[in-house]
Amino acid sequence: MALAAASRDEICGLLLGRDDAIEAILPAANVAPDPARHFELEPAVLIAAHRAARAGGPAVMGHYHSHPSGVAAPSETDRACAAPDGSFWLIVGGGEATLWRAGPDVVVNVDFTEISLDSR
Ligand SMILES: [Zn+2]
């Protein structure tokens, strides 16, 4: 959250964990051409995380990104870009963070289901 508040560009990174529990976040550079409005995870971080997961490390469960001037909900772009793979989307905006899951049930428009964050 503090990380997102400090940046005018969208920040992003991976959510790592096991058994449906998110245990850690792994910041990645936003390599989008227009980082103030879009995010694109640095591929090297993504590849390294998947490699680590295959080697017995935590699973890549999804990713997070911020909306510097928006709300903590998926944007139209997010909905258009989301793969319906059940991955988690943590979205930070307006001083809030919300967790979503891209549902596998809708093919064209990904159905985001809001999940309550347990505040551990
Ligand atoms: Zn977004």
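Donors are N, O and S atoms within 2.8 Å of the metal (3.2 Å for Na, K and Ca); water is not among the atoms, so sites may look incomplete. The legends describe a predicted model, in which local features need pLDDT of at least 70, side-chain atom pairs count only at pLDDT 80 or more, and totals for chains, interfaces and linings use all residues. Residues are numbered from 1 along each chain as its sequence is written, and side-chain values use heavy atoms, with hydrogens and water left out.

View 1. His65 and Asp78 link distant parts of the chain, 13 residues apart: His65 belongs to strand β3 and Asp78 to helix α3 (helices, H or I with at least four residues, and strands, E with at least two, are DSSP runs numbered from the N terminus). The protein donors are His65 (NE2), His67 (NE2), Asp78 (OD) and Asp78 (OD), at 2.0 to 2.5 Å from the zinc ion. Angles among the four donor atoms run from 56 to 150°, and the site is irregular. Four donors count as tetrahedral if all angles lie between 85 and 135 degrees; four count as square planar and six as octahedral if opposite donors are over 155 degrees apart and all others between 65 and 115; anything else is irregular. His65 is buried, with a relative accessible area of 0%, and Asp78 is buried at 4% (buried means under 20% relative accessible area, exposed over 50%, partly exposed in between; 1.4 Å probe, protein chains only).

**View 2. Strand β3 and its pairing partners.** Seven of the nine residues of β3 (residues 59-67) are buried. Strand β1 (residues 12-18) pairs with β3 in the antiparallel sense over six bridges, where two strands pair if DSSP finds at least two bridges between them. Gly13 has Tyr64 in β3 as its bridge partner. Strand β4 (residues 88-93) pairs with β3 in the parallel sense, also over six bridges. In β4, Ile91 is the bridge partner of His65, and Val92 that of Ser66.

View 3. Six of the six residues of β4 are buried. Phe88, Leu90 and Val92 lie on one side, and Trp89, Ile91 and Gly93 on the other. β4 pairs with strand β5 (residues 96-102) in the antiparallel sense over six bridges, and Trp89 stands opposite Trp100 in β5. The two strands form a hairpin with two residues between them, and Gly94 in the turn has a positive phi of about 55°.
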